[in-house]
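Please look over the model below with these notes beside it.

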Amino acid sequence: MTADPQTHHAVWEGNIEELKGLVSEKAFTGESMILNMGPQHPSTHGVLRVILELEGEEVLSCIPDVGFLHTGIEKNMEYKTYEKSIVMTDRMDYLNPMGNGLVYCLAMEKLFELDVPMRAQIARVVLAELTRINSHLVWMGIGGLDLGVTSTMTYAFREREVLLDIFEMVSGQRMMSTYFRPGGLWRDLPDEFEGAVQNVLDTFPAKIDDYDKIITQNPVFVDRTQGIGFISAEDAVAYGLTGAALRGSGVNWDIRKAMPYSSYEQFEFDVPLGQHGDVYDRFIVRIAEMRQSLRIIEQGMKRLQKEKGPFRSDNRKYVPPPRAELGRSMEAVIHHFKLWTEGFRPPKGEVYVSIEGPRGELGCFLASDGSPNPMRVHFRTPSFVNLSALEKLAKNHMIADLVGIIGSIDIVLGDCDR
Amino acid sequence: MKRHTLLQYAARSLFRRAATQRYPAERTPTPERLRGTLHWTPDGCTGCCLCSKECPANAIEIITIDKTTKQFVARYHADRCIYCGQCVVNCRFSCLTMSPEEWENAALHKQAFTVYYGDAPHVERVLEGFVSQDSASNPST
Ligand code: SF4
Ligand code: SF4
């Protein structure tokens with residue numbers, strides 16, 4: 001990278017030979033053009049660089065180049081105790097903080113064989129689904145904006161505010177919630193929670209219908225999405241796509257159904273499927289998913305009213321004692337001191353847990369060597385895996401369609417690079 | 001009919017109340033759990049350093065003025081703090097609190113982000129450099 005003496009802009013002095021095998025032979029003869037899109041480009045949803053080989057406006061090949069938002073979160077977590085590193089997970093996929101926390105906590109709970117009380121499990125489901133709606137709203141707003149439906153963005157962000165208010169009320173922060181802890185929740189749900197969620201349940205269905213209409217009855221939008229970015233069911237499976245990108249092609253795979261976690265098996269909901277595997281179907285699937293999430297939340301709220309038990313496990317090896325106990329019991333003080341000075345020492349072992357995040361399978365691999373810090377934490381993030389299919393999706397489409405295609409696989413670069 | 005959905009929506013929106021607020025004249029009340037600016041009081045602090053040890057961002061330091069009489073000063077780096085609230089949970093003596101009211105923390109100078117809490121004469125001694133600046137607890141400095 002050098003600077004252009006006249007404009008002082010950074011110039012990439014790459015050698016085209018580096019791209020050998022990635023682009024077609026035409027690029028070397030000058031028949032096609034290599035163009036850099038991003039990393040600072042509004043339609044790449046973060047800092048994603050896409051190297052395009054173009055013939056006129058047609059995309060011949062496209063190479064996603066990731067790593068511009070690398071935060072080193074996984075490595076950083078190895079230097080913190082298990083409980084301390086929960087704060088890092090919130091900062092990975094910033095549209096799905098509760099989901100990231102959930103998968104990390106589930107992995108810890110599996111490793112420690114820690115029980116989670118029913119109330120906490122249901123609350124986790126409700127909050128994870130609220131987060132899913134939150135994430136889908138942002139995707140809908142931005143995705144619509146990419147394809148010329150500019151008004152959806154303001155509407156989606158207005159609705160998202162209601163959800164962020166709920167997260168703030170529950171956890172004390174709008175986005176970096178750190179609310180799920182190993183063995184349950186940080187604190188019990190506040191009393192106002194029920195009313196706030198009821199408000200969401202009352203108002204959102206009509207709003208989702210409206211947005212559905214605004215998008216699907218917009219002729220420009222329909223023309224720009226139907227038949228664009230096609231991927232067949234076999235290819236989608238072969239590329240390891242998950243989430244709406246997979247279900248848009250008609251493959252019925254949802255981890256909430258296939259490998260239920262956190263009591264999802266006790267909830268009734270459908271898995272919306274697309275038929276054509278194009279950008280349009282992926283949009284439809286996500287809109288339908290928001291409706292299903294509302295169904296799950298409704299059931300969860302009914303069950304929370306009955307389930308008044310504890311919100312956190314009382315296994316004192318891993319869970320600090322509540323404050324009220326500290327004044328009474330010496331044992332509690334010792335546990336408190338021990339947990340917060342050196343952390344806990346889990347058994348040795350490796351676990352892998354996955355959940356259905358808003359973007360697809362979000363997995364957490366956790367390896368422990370028996371010390372208070374995790375030996376290795378790795379996240380299998382849907383954005384990274386789904387992005388690998390970009391070339392397949394974008395081939396032989398117009399460059400303007402690429403924007404919609406990137407939007408339709410719903411990537412978050414913080415999730416991709418972590 | 002099809003093409004009018006957005007127009008209808010726009011027409012309806014004309015008669016709705018604005019979704020945005022006239023901040024700062026108008027503000028929503030904050031929830032009681034909001035994790036805002038951190039405050040520390042020296043009363044009751046035993047210098048156990050549980051707060052600083054478990055802080056994921058190394059944002060709080062407890063500086064010892066006098067160990068036998070249990071006198072401490074807290075140096076709080078608001079720019080490092082991620083407002084996770086862990087230190088508040090850890091302190092057994094409720095020396096630390098997070099104010100739900102104070103959340104407008106922007107400042108023009110970096111100095112504003114290093115906050116000293118404690119009795120005024122003690123803080124002065126720390127600032128003048130009479131007390132060793134390395135706290136026993138802080139691994140970062
Ligand atoms: S945890 Fe509380 S008592 Fe211990 S050093 Fe920190 S403020 Fe003082
Ligand atoms: S709120 Fe969190 S980051 Fe801030 S000082 Fe306390 S423990 Fe450290």
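**Notes on the model**

1. Helix 6 of chain A gives the largest share of the lining of the largest pocket, ten residues. Helices (H or I, at least four residues) and strands (E, at least two) are DSSP runs, numbered from the N terminus.

2. The model is predicted: local features need pLDDT of at least 70, side-chain atom pairs count only at pLDDT 80 or more, and totals for chains, interfaces and linings use all residues. Residues are numbered from 1 along each chain as its sequence is written, chains are lettered from A and ligands numbered from 1 in the order in which they are written, and side-chain values use heavy atoms, with hydrogens and water left out.

3. The largest pocket has a volume of about 1300 Å³. A pocket is an open set of points on a 1 Å grid over the protein atoms alone, where a 1.4 Å probe fits, with protein on both sides within 12 Å along at least five of seven lines; lining residues have an atom within 4 Å of a point. The volume is the space filled by probe spheres set on the points, which are joined across faces, edges and corners.

4. Its lining counts 38 residues; E161(A), D165(A), A19(B), Q21(B) and T28(B) lie nearest the centre of the largest pocket. Helix 6 (151–171) and helix 7 (192–216) of chain A are the elements that give two or more residues to this lining. By class, 15 are nonpolar, eleven polar and twelve charged. Ala, Val, Leu, Ile, Met, Phe, Trp, Tyr, Cys and Pro count as nonpolar, Asp, Glu, Lys and Arg as charged, the others, Gly among them, as polar.

5. The second largest pocket holds about 770 Å³ of space. Of its 32 lining residues, W186(A), R187(A), P322(A), R323(A) and V89(B) lie nearest the centre. The lining of the second largest pocket has 15 nonpolar, six polar and eleven charged residues.

6. In chain A, three strands form an open antiparallel sheet, in the order 3-4-5. Strands pair if DSSP finds at least two bridges between them. Strand 3 (33–37) and strand 5 (58–65) of chain A each have a single partner strand, so one side of each lacks a neighbour in the sheet. Strand 4 (residues 49–55) of chain A pairs with strand 5 of chain A over seven bridges.
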